[in-house]
Amino acid sequence: MEIKDYIKEYIKAGDPRSYRVFGRFLRERRQEAGKTLCSFADDLNISPTYLSDIEKGNRPVPDRLIDQLKGMLVISKEEEPYFYDLAYSSRCNHPDINEYLERTPSARMFLRLAMRKNLSDEEFMQYFNKMVAEKEKKEKDRSL
């Protein structure tokens with residue numbers, strides 16, 4: 001299953017603390033890499049019980065392990081934003097985007113307006129994709 005499918009799964013479930021979804025993603029990727037629970041836990045410098053709890057969805061992944069997991073699971077550049085969203089959603093915390101939101105008032109306003117309008121994920125992505133397409137067109141026009 002692709003990482004985008006895990007994101008769709010926790011959105012569909014309506015559970016912002018998607019412990020179980022991230023845990024299942026982690027377990028499946030670990031198994032695809034041919035790693036046992038014990039050897040992977042050892043590589044992370046945590047106990048197998050602790051890793052098992054994360055994989056079962058009994059605990060969120062700790063912040064200190066997220067970047068380490070990204071490297072160990074060989075997350076591609078394309079998958080990276082989805083990986084961070086899935087991992088941080090398991091904590092209901094998104095520190096990777098806080099700095100951007102702090103320095104970009106219009107992004108905060110856009111999110112608040114989307115929330116007030118109760119945009120679905122699909123509607124939000126339509127607006128986003130339209131903005132990206134317009135930006136890319138402007139950049140292309142400038143380069144001509």
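After H3 comes Asn45, which has a positive phi, near 65°. The model is predicted, so local features need pLDDT of at least 70 and side-chain atom pairs count only at pLDDT 80 or more, while totals for chains, interfaces and linings use all residues. Residues are numbered from 1 along each chain as its sequence is written, and side-chain values use heavy atoms, with hydrogens and water left out. Helices are DSSP runs (H or I, at least four residues), numbered from the N terminus.

Within helix H3 (residues 37–44), Phe40, Ala41 and Leu44 are buried. These three residues lie on the same side of H3, because they cover an arc of only 100° around the axis; the arc is that of the directions from the helix axis to the C-beta atoms. Buried denotes under 20% relative accessible area, exposed over 50%, and partly exposed in between (1.4 Å probe, protein chains only).

A salt bridge is a side-chain nitrogen of Lys or Arg within 4 Å of a carboxyl oxygen of Asp or Glu. By this rule there are ten salt bridges. One of them joins Asp53 to Arg59 at 3.2 Å, N to O; Asp53 is buried at 18%, and Arg59 is partly exposed at 34%.

In helix H2 (residues 19–32), Glu32 and Arg29 are three residues apart, about one turn of the helix. Their salt bridge has its closest N and O atoms 3.9 Å apart. Glu32 is exposed at 58% relative accessible area, whereas Arg29 is buried at 14%.

Definitions and conventions: Helix = DSSP H or I, 4+ residues; strand = E, 2+ residues; numbered from the N terminus.
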